[in-house]
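Student: I am new to this structure. Please take me through it step by step.

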Amino acid sequence: QVVRRMIHATADFTFNGLAEFHVNAIEAGIKAINEGRSITADVEMICVGLSKPRLQHFGVTTHQFISDDDVIQKAKAENTTRAVQAIRKAHRKGLLEKGIIGIGNAPTALLEVKRLITDEGLKPAIVIGMPVGFVSAEESKDQLALLNDIPWIITRGRKGGTTLVVSAIHALLALTEARSK
């Protein structure tokens, strides 16, 4: 169902081979939604693309910090990207632990999530890592796929984007709704 939604959103049948799932990804996503875990995204576009009534039904909130003044200032001061600082801010706020993380735009955000997991013991419920692009997009997803203990959904290669993350989350919402009937 996740791949079908991704294909429907993009009209790109190659996602039938590019989408890859950790063995526990679907169950972890459904459980997190049922528990009302928050969704933290790398960009506002993911939050805007999600159905507010569906999220409210499960008590799920969305967060993103990419344009916050403090994030922008910290990125300049530390010579990092806004995406890295936005993920760090979400982590400081406690939003990533047992939460749903959706990355569709910034490979540096996904690399930071991976660093927090491996170096600082972060345990999100699931990471949907689908950044698009030519610089570090493929590598960031390859790094995430090395994780065995944290469920993930990725798209292999350079293809990705916020539309795909939104599609994957909507599919998880639909699967959760279907199970609750």
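Tutor: Start with a term: a residue is buried if its relative accessible area is under 20%, exposed if over 50%, and partly exposed in between (1.4 Å probe, protein chains only). Helices (H or I, at least four residues) and strands (E, at least two) are DSSP runs, numbered from the N terminus. This is a predicted model, where local features need pLDDT of at least 70, side-chain atom pairs count only at pLDDT 80 or more, and totals for chains, interfaces and linings use all residues. Residues are numbered from 1 along each chain as its sequence is written, and side-chain values use heavy atoms, with hydrogens and water left out.

Student: Which residues of α1 are buried?

Tutor: Look at both sides of the helix. On the other side of α1, Arg4 and His8 are exposed. The buried residues of α1 are Val2, Val3, Met6 and Ile7.

Student: Why do the buried residues of α1 line one face of the helix?

Tutor: An α-helix has 3.6 residues a turn, so residues three or four places apart point the same way. The arc used here is that of the directions from the helix axis to the C-beta atoms. In α1 the buried residues line one face because, seen down the axis, they fall within an arc of 135 degrees.

Student: What covers the buried residues of α3?

Tutor: In α3, Ala25, Ala28, Gly29, Ile30, Ala32 and Ile33 are buried. Covering rests on contact, meaning heavy atoms within 4.5 Å. The cover of these α3 residues includes β1, α5, β4, β5, β6 and α10.

Student: In what order do the strands form the sheet?

Tutor: Two strands pair if DSSP finds at least two bridges between them. Here the pairing is mixed and the sheet is open. β1 (19–21) and β3 (62–63) stand at the edges with a single partner strand each, so one side of each has no neighbour in the sheet. The order of the 6 strands is β1-β6-β5-β4-β2-β3.

Student: How many bridges join β5 to β6?

Tutor: Take β5 with its partners. Strand β4 (residues 100–103) pairs with β5 in the parallel sense over 4 bridges, and Ile103 has Gly129 as its bridge partner in β5. On the β6 side, Ile128 has Ile153 as its bridge partner. β5 and β6 also run parallel, and the number of bridges joining them is 3.

Student: Which helix makes a right-handed β-α-β unit with β5 and β6?

Tutor: A crossover is right-handed if, with the strands pointing away from the viewer, the path from the first strand over the helix to the second runs clockwise. β4, α8 and β5 make one such unit. With β5 and β6, the helix is α9.

Student: Within what arc do the buried residues of α9 fall?

Tutor: In α9 (residues 137–144), Ala137, Ser140, Lys141 and Leu144 are buried. Seen down the axis, they line one face of the helix, as their arc is within 95 degrees.

Student: At about what angle does α10 run to β5?

Tutor: Axes are lines fitted to C-alpha atoms, for helices over the stretch in contact, and angles run from 0 to 180 degrees between N-to-C directions. α8 lies across β4 and β5, at about 155 degrees to β5. α10 lies across β2, β4, β5 and β6, and its angle to β5 is about 145 degrees.

Student: Which residues have the most contacts inside the largest nonpolar core?

Tutor: A nonpolar core is a set of buried Ala, Val, Leu, Ile, Met, Phe, Trp, Tyr and Cys residues joined through side-chain atoms within 4.5 Å. The largest has 32 residues. α10 gives the most to this core, with 8 residues. The residues with the most contacts inside the core are Ile128 and Met130.

Student: Is Lys89 buried or exposed?

Tutor: Lys89 lies in helix α7 (residues 82–92). Leaving aside neighbours within four places in sequence, Lys89 is in contact with Phe65, Asp68, Asp70 and Val71. With a relative accessible area of 12%, Lys89 is buried.
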